[in-house]
Amino acid sequence: MFLKDLKDLPENYGYLNARLRAHFSDFLVKEDYRRLAFRRLEEIEIFLLETRYGKSFRKSLVEQPLSTHRRIELALADTSADTLNHARRMAMGEPEDLMTVLLARADLHNGRLLLRYYFTGAIYEGHPQWHGYGTLPVTFFADLWKSHSITHVMDKCLAFDHPFSRALGRACGQVAKGSSLPASERIFLSGVLTYLGEILDRHRTKDSALVRELLGRSIDIWNMNIWSRVAAGVLSGEKAVELFIEGGYSLSTDRLRNSSQPKDLLASTPWETILGRFQGGLAEMVTGRAMREFWKWQIGQRRKDPLGIEVATAFIAHQLLEWQNLNALVVGVDMGLEVDTIIDKLVLAG
Amino acid sequence: MEKALIALAAALAVGLPAIATAYAQARIGSVGAGTIAEKPETGGIIIILEALPETMVILGFVVAVMLILQFA
């Protein structure tokens, strides 16, 4: 008992957080984004060469003859994955388990990408930009991408011994049967969440409670997305009920079923803050705004507890948001958009 | 009996601060190791911070010596 207590002492958090906190100053700040939005693509490339993205950049410069845009995309993806994998390797015991849960969003992203690819039946010769910081290896998804058919993918997933791949296999089965994309994605998401819940059940601490809250908020966003489709009239209420996922942080399925306006849905919940920005009933904008709030909430955890999972939560969010922002910025600059339009597309938090 | 109680008091005067020091140093040590790994230039400050809780044991030791010299 005493030894178990020793193993779970917060020292791992102290070590991990000290190392992560040292890297917070590496992230770009609002002024950096504004400066970059004024530049040309080649100038952004030169700027990034001088940052921590430089190493991946040089590699892609040497190895593959790619366009500037694609080189930037690759460098961002590689560096982000390396940073997050490095952070996970520094964690031990409880923090390691919780980081596995926090980084499972890569598996969700990759799995959903695959499901959409096979659902649409589109033929794409290249490779998508996999998120390489999850539990399942990128090579696994790359192999599935090259499969001949959805049933082939399903067989490979079920043969791979991991709860995530089995959940993906079941979701592929649904696609093969002709189910809708949200229904298939729901099966995958539910399978992943069940496994993540099992990991969290091993630790009954305030840190695991925070990660559980994060998963709950993710479920809220999924449910809001389904709800907004009903509100926009593209999905029937009966079908939506089957797509909602139980276990959200603040939005019960009853509330989701009975609300027709964003105000009814979000009042007196932690998502209430996004209501202030609505001008009228733009229900379809709920998810986008909720996502912004979710990012800000994660990054806002940074100073909550220096000896808890809060620092890692904020670090992961910071890294992923920087990746997303830089991608959006590069696309905006490449398209020749106005600076203010580009800045408006970014989520600037922290 | 009296001597035994004095010895016990002296032992507690050293022992309890020692446990508290160990706890504090364990926390500071792990955080310090993480900090030095990323920023080696902070090494000097970390060593000072790591040594600070030692003062608790030193004070406890002084109290223990005083107890023994006064009453034993």
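A:S208 is buried in this predicted model, at 3% relative accessibility. The residue belongs to helix α13 of chain A. Its side chain reaches the backbone oxygen of A:T205 at 3.0 Å. Beyond its neighbours within four places in sequence, A:S208 is in contact with A:E94, A:L98, A:L200 and A:H203. A:L98 is 110 residues away along the chain, yet the C-alpha atoms of A:S208 and A:L98 are separated by 6.8 Å.

Helix α13 (residues 206-231) of chain A packs against helix α12 (residues 181-201) of chain A. Their axes lie 11 Å apart, at an angle of about 170°. Angles over 145 degrees count as roughly antiparallel, and α12(A) and α13(A) are therefore roughly antiparallel to each other. The crossing of the two, α12(A) and α13(A), is left-handed. On the α12(A) side, the contact is made by A:P182, A:E185, A:R186, A:L189, A:L193, A:L196, A:G197, A:L200 and A:D201. On the α13(A) side, A:S208, A:V211, A:R212, A:L215, A:I219, A:W222 and A:R229 take part.

A helix pair was also examined in chain B. Helix α1 (residues 2-38) of chain B and helix α3 (residues 54-71) of chain B cross at roughly 180°, and their axes come within 8 Å. That angle makes α1(B) roughly antiparallel to α3(B). Residues of α1(B) that meet α3(B) include B:I6, B:A9, B:A10, B:A13, B:V14 and B:P17. Among their counterparts in α3(B) are B:G60, B:F61, B:V63, B:A64, B:L67 and B:F71.

Back in chain A, helix α18 (residues 310-335) has 26 residues. From its first C-alpha to its last, α18(A) reaches 37 Å. This is close to the 38 Å expected at 1.5 Å a residue. The helix α18(A) is mostly covered, with 20 of its 26 residues buried. Just after α18(A) comes A:G336, which takes a positive phi of about 75°.

A:H131 sits in a loop of chain A, between α8 (105-120) and α9 (138-145). A:H131 has a relative accessible area of 15% and is buried, because buried means under 20%. One polar contact joins the side chain of A:H131 to that of A:H109 (3.4 Å). Another joins the side chain of A:H131 to the side chain of A:Y133 (3.0 Å). Not counting residues up to four places away in sequence, A:H131 touches A:A106, A:H109, A:N110, A:V138 and A:W323.

Definitions and conventions: Residues numbered from 1 in each chain as written. Chains lettered and ligands numbered in written order. Predicted model: local features only at pLDDT ≥ 70, side-chain atom pairs only at ≥ 80, totals over all residues. Heavy atoms only, no water. Helix = DSSP H or I, 4+ residues; strand = E, 2+ residues; numbered from the N terminus. Expected span 1.5 Å × (residues − 1). Buried < 20%, exposed > 50% of the residue type's maximum accessible area, 1.4 Å probe, protein only. Polar contact = N/O pair within 3.5 Å; in protein donor to acceptor, adjacent residues only side chain to side chain. Contact = heavy atoms within 4.5 Å. Axes fitted to C-alpha atoms, helices over the stretch in contact; angles between N-to-C directions. Parallel < 35°, antiparallel > 145°, perpendicular 65-115°, else oblique. Left-handed = near helix turned anticlockwise from the far one by under 90°.
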